[in-house]
Amino acid sequence: MALSWRRTGRFGVAELFALLGLASFLAARFLPVLELGLVCPFRAATGLPCASCGMTHAFVHLARGEVVAALAASPLGAVLAAGAWALSLADLARAALGLPVPVLPERSLVAAARLAVFAVAVNWAWLLWRGAA
Amino acid sequence: MLARCAHCQNTFETDRFGVQACPHCGQQVHLADPSAPPPPAAPPVPPAASPASPPADGVPAPFVRRSELGFFHAYVETWKLAALRPAEFFRPLRISDTGSTLLFGVATMTVASWFQTLYGALMGAAARNVLEQMLRQMPRGAEFGNAWILKWTSTGTAFGVVAQLVAAPFLALLGILVFAGIFHVALLALRGAPRGFDATLTVVGYAAAGHLIGAAPVPGLASLVGSVWWLALVAVGLAETQRVPQGKAWTATLLPFALICLCCCGAIAIPILAALGRH
């Protein structure tokens with residue numbers, strides 16, 4: 001099965017996610033989110049990083065163009081931020097031009113979902129290993 | 001030509017009419033040939049005797065008809081159905097009304113959050129009073145009556161309350177979208193999302209009905225019960241809306257939490273086992 005296209009209204013769920021992605025960039029770039037002193041409850045309780053530890057740092061570093069620091073904070077966080085921002089821009093441009101939404105075949109969606117679960121596990125293993133090393 | 005399955009609502013390409021299996025959900029679909037002669041006209045059936053069959057694209061929730069029913073009445077009817085009769089509610093539900101779904105979920109979670117903020121502020125004020133009384137009973141404690149710590153707690157609490165009240169609807173929207181995304185990834189990984197993301201989002205939005213119990217004046221416990229109720233509604237709703245077995249829906253709902261628990265246990269057990277191995 002190949003990629004198909006679906007006509008949709010100008011503002012839908014995809015655009016809502018795109019706006020959230022854009023808001024995350026603006027927050028990471030312009031708000032002092034690292035100075036808020038937020039503590040991961042999992043790390044506070046166990047002394048070990050959780051699966052999403054370092055993602056705020058990754059988003060902030062990447063928004064400031066510090067790619068290496070972003071990858072060091074959380075590889076998955078850096079990839080997630082880059083992907084989310086790229087998709088946000090692409091979707092907002094698509095909506096502005098009134099183009100249809102690309103719909104991936106189900107097999108590709110399933111493969112992508114399994115890859116995402118695997119990526120979370122690998123990223124967490126790396127964070128734990130780095131914490132132990 | 002493009003055909004739409006009446007069961008899962010997904011579209012697929014086909015080159016023939018007649019009965020065939022939907023490639024998405026496997027159900028039998030009958031595509032009527034428009035060039036075929038029309039069937040003989042059936043005798044008219046009185047409207048009272050005709051069975052009430054749901055529309056092909058599903059039944060809208062009462063909240064979707066809020067302009068017709070009134071906002072409060074439509075909200076209460078939807079809440080009762082979603083929270084108390086979830087299987088009956090979610091099974092025939094139309095999944096294309098994502099705007100109403102999000103509005104219902106955001107409204108419910110915001111109200112629950114506002115009540116929790118209020119209880120938190122009241123408990124904070126009570127704690128401040130206790131602190132002030134303790135200071136008065138201490139030798140030279142009255143000198144601290146205007147101390148920075150009391151000013152800081154009062155200002156901090158007031159600022160925190162306002163910030164929480166303002167942020168509540170935005171955090172509710174964010175929570176619904178993020179959790180819908182997480183549950184959908186889990187469903188996809190288990191091959192349990194034949195009706196797409198709109199169905200998952202519809203369930204997560206209306207399942208927020210469970211969170212309203214968090215508005216009960218039992219701080220902590222009420223929000224815990226509300227969260228458990230919400231999870232149960234999500235699992236039941238996903239099974240009915242995505243047309244997947246209950247086991248698969250419960251697995252997808254609990255998978256993210258189970259992974260966290262497993263990793264917690266593993267992360268705690270590894271150092272303990274390593275320490276035991278040294279002795």
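Q: What distance does helix H5 (residues 75–97) of chain A reach from its first C-alpha to its last?
A: This is a predicted model, in which local features need pLDDT of at least 70, side-chain atom pairs count only at pLDDT 80 or more, and totals for chains, interfaces and linings use all residues. Residues are numbered from 1 along each chain as its sequence is written, while chains are lettered from A and ligands numbered from 1 in the order in which they are written. Helices (DSSP runs of H or I, at least four residues) and strands (DSSP runs of E, at least two) are numbered from the N terminus, and the expected span of a helix is 1.5 Å times one less than its number of residues. For the 23 residues of H5(A) the expected span is 33 Å, and the reach is close to it, at 33 Å.

Q: Which residues of H5(A) are buried?
A: A residue is buried if 20 or more other C-beta atoms, placed from the backbone, lie within 10 Å of its own; it is exposed if 12 or fewer do, and partly exposed in between. In H5(A), the buried residues are A:Leu76, A:Gly77, A:Ala78, A:Leu80, A:Ala81, A:Ser88 and A:Asp91.

Q: At what angle do helix H1 (residues 13–30) and helix H3 (residues 55–63) of chain A pack?
A: Two packed helices are described by the angle between their axes and the distance between the axes. Here the axes are lines fitted to C-alpha atoms over the stretch in contact, and angles run from 0 to 180 degrees between N-to-C directions. The axes of H1(A) and H3(A) are 8 Å apart, and the angle is about 80 degrees.

Q: Which residues make the contact of H1(A) with H3(A)?
A: Two residues are in contact if their C-beta atoms, placed from the backbone, lie within 7 Å. The residues of this contact divide into five nonpolar (Ala, Val, Leu, Ile, Met, Phe, Trp, Tyr, Cys and Pro count as such), one polar (the others, Gly among them) and one charged (Asp, Glu, Lys and Arg). From H1(A) come A:Ser24, A:Phe25, A:Ala28 and A:Arg29, and from H3(A) come A:Phe59, A:Val60 and A:Ala63.

Q: Is A:Pro102 buried or exposed?
A: A:Pro102 lies in strand E2 (residues 101–103) of chain A. Not counting residues up to four places away in sequence, A:Pro102 touches A:Leu3 and A:Trp5. Because 12 other C-beta atoms lie within 10 Å, A:Pro102 is exposed.

Q: Which element gives the largest share of the side of chain A that touches chain B?
A: In the contact between the chains, 15 residues of chain A meet 14 residues of chain B. The elements giving two or more residues to the side of chain A are H1 and helix H6 (106–132). That side divides into 12 nonpolar residues, one polar and two charged. The largest share, nine residues, comes from H6(A).

Q: How far apart are the end C-alpha atoms of helix H2 (residues 71–84) of chain B?
A: The helix has 14 residues, so at 1.5 Å a residue H2(B) should span 20 Å. The model agrees with this, as the end C-alpha atoms are separated by 20 Å.

Q: Which residues of H2(B) are buried, and which on the other side are exposed?
A: The buried residues are B:Ala74, B:Thr78, B:Trp79, B:Ala82 and B:Ala83. They cover an arc (taken from the directions from the helix axis to the C-beta atoms) of only 135 degrees, which puts them on the same side of H2(B). These buried residues pack against helices H1 (66–69), H3 (86–90), H4 (98–137), H6 (197–207) and H7 (221–241) of chain B. On the other side of H2(B), the exposed residues are B:Phe72 and B:Leu84.

Q: Does B:Arg243 count as buried or exposed?
A: B:Arg243 lies in the loop between H7 and helix H8 (246–278) of chain B. Although B:Arg243 is not a glycine, its phi is positive, about 60 degrees. Because 20 C-beta neighbours lie inside 10 Å, B:Arg243 counts as buried.

Q: In what order do the elements of chain B run from the N terminus on?
A: Chain B has eight helices and four strands. Of its 279 residues, 30% are buried. From the N terminus on, the order is β-β-β-β-α-α-α-α-α-α-α-α.
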